[in-house]
Amino acid sequence: MRILLVEDDELLADGIQTSLTQQANTVDWVASGEAALHALKLEQFHLVILDLGLPDIDGFTVLKRLRDRGDEIPVLILSARDQVQDRVKGLDAGADDYLLKPFDVSELKARLRALSRRGSGNAHPEIQLANIRILPSSYQVYKNNEEVRLSRREYALLYELASHRGRVLSKDQLEELVYGWSDDVSSNTMEVHIHNLRKKLNADLIKTVRGMGYMIEKE
């Protein structure tokens, strides 16, 4: 998943980034509400982790502006505000989940996975592609019940295509969803990852739609 983290506590933000990017996630970080709204207008993300106590506009305002302009991206509020009325206000304002600080990283990861499943319309905790099984909870992939080792980027790319079965995704779309601001992407990187996935899993798994992009067909 590509995640936008909106948090003004640099130490906490660094810890979240480190924990989430150790697996197959890409986390871009901003420290203000206005920066978050600008980033979400220009680029594609799967999820937003949103703090309420921001230095310019608060998280409630960010969320309201986001929903008012029709952006339905899943939002998880991360806040030390533990009053029931704050949680109710956040959820009623359009948040999809609310997690109190301090928190356990494993719980944050589980909540993000749940939001991602709902966002892609796939409530099942696993993704099955014929003889290939993807386990988002552990970032593992199996072929004929034998684990296949994928790099972080290969897994992220496979997950993205598998989550959008039957839909063609362009190279630009895939790069925007898989890579973050700090990543250096060469012109043939995506083609290399596609080649490796076909070699490791199935030569016919990922279809090239000439002039448009790539897709995994629906069964």
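Where is asparagine 144 found? I looked, and asparagine 144 turns up in the loop between β8 and β9 (146-148).

**Ground rules**

I'm working on a predicted model, so I noted that local features need pLDDT of at least 70, side-chain atom pairs count only at pLDDT 80 or more, and totals for chains, interfaces and linings use all residues. Residues are numbered from 1 along each chain as its sequence is written, and side-chain values use heavy atoms, with hydrogens and water left out. The helix and strand names are DSSP runs numbered from the N terminus (helices are H or I, at least four residues; strands are E, at least two).

**The sheet**

I began with the strands. Five of them form an open sheet with parallel pairing, and the order is β2-β1-β3-β4-β5. Direction ignored, neighbouring strands here are turned by 20 degrees against each other on average. For strands to count as paired, DSSP must find at least two bridges between them. I also reminded myself that strands of a sheet pair through backbone hydrogen bonds, either parallel or antiparallel.

**Strand β1**

Next I looked up the partners of β1. Strand β1 (residues 2-6) is joined to β3 by four bridges, and the two run parallel. Leucine 4 has valine 48 of β3 as its bridge partner, and valine 6 stands opposite leucine 50 in β3.

Then I checked the β2 side. Five bridges join β1 to β2, again running parallel. Valine 6 has valine 30 of β2 as its bridge partner. To get from β1 to β2 the chain passes through helix α1 (residues 10-21), and this β-α-β crossover is right-handed. Right-handed means that, with the strands pointing away from the viewer, the path from the first strand over the helix to the second runs clockwise. One more pair I wrote down is leucine 5, opposite tryptophan 29 in β2.

Is β1 buried or exposed? Five of its five residues are buried, so β1 is largely enclosed by the rest of the structure. Buried means under 20% relative accessible area, exposed over 50%, and partly exposed in between (1.4 Å probe, protein chains only). Arg2, Leu4 and Val6 point one way from β1, Ile3 and Leu5 the other way, and all are buried. β2 is mostly covered too, with four of its five residues buried.

I found α2 lying across β1, β2 and β3, at about 160 degrees to β1. Angles like this run from 0 to 180 degrees between N-to-C directions, with axes fitted to C-alpha atoms, for helices over the stretch in contact.

**Helix α3**

Which residues of helix α3 (residues 59-68) are buried? I got Gly59, Phe60, Val62, Leu63 and Leu66. Down the axis of α3, these fall within an arc of 160 degrees, so they line one face of the helix. That arc comes from the directions from the helix axis to the C-beta atoms. A handy reminder: an α-helix has 3.6 residues a turn, so residues three or four places apart point the same way. Lys64 and Asp68, on the other side of α3, are exposed.

The cover over the buried residues of α3 includes α2 (33-42), β3 (47-51), β4 (75-79) and α4 (84-92). Contact means heavy atoms within 4.5 Å.

At the ends, aspartate 58 caps the N-terminal one, with a side-chain oxygen 3.2 Å from the backbone nitrogen of phenylalanine 60. Glycine 70 follows α3, and its phi is positive, near 90 degrees.

Leucine 66 counts as buried because its relative accessibility is 2%. Leaving aside neighbours within four places in sequence, leucine 66 is in contact with Leu37, Leu40, Asp71, Ile73 and Val75.

Most residues other than glycine have a negative phi, and most peptide bonds are trans. Asparagine 144 has a positive phi, near 50 degrees. Tyrosine 139 has a positive phi as well, near 60 degrees, and sits in the loop between β7 (132-135) and β8 (140-143). At 18% relative accessibility, tyrosine 139 counts as buried.

The peptide bond from lysine 101 to proline 102 is cis, with omega near -5 degrees. Proline 102 lies in the loop between β5 and α5 (105-120).

Terms used
A polar contact is a pair of N or O atoms within 3.5 Å; within protein, one must be able to donate a hydrogen and the other to accept it, and residues adjacent in sequence count only if both atoms are side-chain atoms.
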